[in-house]
Amino acid sequence: MKNIIAFAGTNSKTSINKQLAEYAASLVENVETKVLDLNDFELPIYGIDLENEAGIPDNAHKFLNLIKASDGIVLSLAEHNGVYATVFKNLFDWMSRIDGKLWSEKPMLLMATSPGGRGGATVLEIAKGRFQYMGGNIVADFSLPSFGDNFSDGKLINATLKADLDSKIEVFQKAL
């Protein structure tokens with residue numbers, strides 16, 4: 001059986017992106033899913049001086065090993081001021097020091113959501129542009145606008161958006 005990891009690019013305990021990642025992963029059939037929480041992988045703020053003095057922290061190695069051991073990745077990025085959340089960028093930076101192709105060409109369903117009408121579209125575009133150079137194999141992407149209006153009781157309630165996500169899940173499923 002294939003195994004996938006699902007996580008949100010944030011450390012918010014009430015993350016709407018984590019809710020979306022968990023929901024999307026639950027739609028993938030015949031896989032074992034491990035939901036990751038960035039709070040379980042605390043890291044100091046990346047800096048070359050710190051790396052030279054103390055090396056790369058174990059939590060960066062642990063997270064990267066989970067990526068490498070998976071067959072696919074479901075990731076929903078939080079958007080903070082139009083870019084990645086700091087906690088995600090920091091993890092991303094540390095892992096890139098271990099392996100510049102950190103996504104390891106694993107099939108990825110890349111998503112974002114927000115309370116607003118753009119649904120994290122800016123951070124999604126940034127990630128789509130950047131991840132390809134870091135071993136990213138984004139097979140499908142999905143933006144969920146107006147989270148509070150379109151997601152309730154752990155699922156998408158807007159039929160059009162649900163159909164769109166289902167089609168993206170199908171593409172991701174086939175890539176595994």
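Student: At what angle do helix α3 and helix α4 pack, and how far apart are their axes?

Tutor: Happy to start there! In this predicted model, α3 (residues 58–69) and α4 (residues 86–98) pack at an angle of about 80°, with their axes 9 Å apart.

Student: Why is α3 called roughly perpendicular to α4?

Tutor: Angles of 65 to 115 degrees count as roughly perpendicular. The angle here is about 80°, so α3 is roughly perpendicular to α4.

Student: Which residues of α3 and α4 meet?

Tutor: From α3 come Ala-60, His-61, Phe-63, Leu-64 and Ile-67, and they meet Leu-91, Trp-94, Met-95 and Ile-98 of α4. The residues of this contact divide into 8 nonpolar, 1 polar and no charged.

Student: Let's turn to the strands. What makes strand β1 mostly covered?

Tutor: A residue is buried when its relative accessible area is under 20%. In β1 (residues 2–8), 5 of its 7 residues are buried, so the strand is described as mostly covered.

Student: How do you know that β1 pairs with β2 and with β3?

Tutor: Pairing takes at least two bridges. β1 and β2 (residues 31–35) run parallel and are joined by 5 bridges, with Val-31 as the bridge partner of Lys-2. Over 5 bridges, β1 also pairs with β3 (residues 72–77) in the parallel sense, and there Ala-6 stands opposite Val-74. Both pairings therefore meet the cut-off.

Terms used
Residues numbered from 1 in each chain as written. Predicted model: local features only at pLDDT ≥ 70, side-chain atom pairs only at ≥ 80, totals over all residues. Heavy atoms only, no water. Axes fitted to C-alpha atoms, helices over the stretch in contact; angles between N-to-C directions. Helix = DSSP H or I, 4+ residues; strand = E, 2+ residues; numbered from the N terminus. Parallel < 35°, antiparallel > 145°, perpendicular 65-115°, else oblique. Contact = heavy atoms within 4.5 Å. Nonpolar A, V, L, I, M, F, W, Y, C, P; charged D, E, K, R; others polar. Buried < 20%, exposed > 50% of the residue type's maximum accessible area, 1.4 Å probe, protein only.
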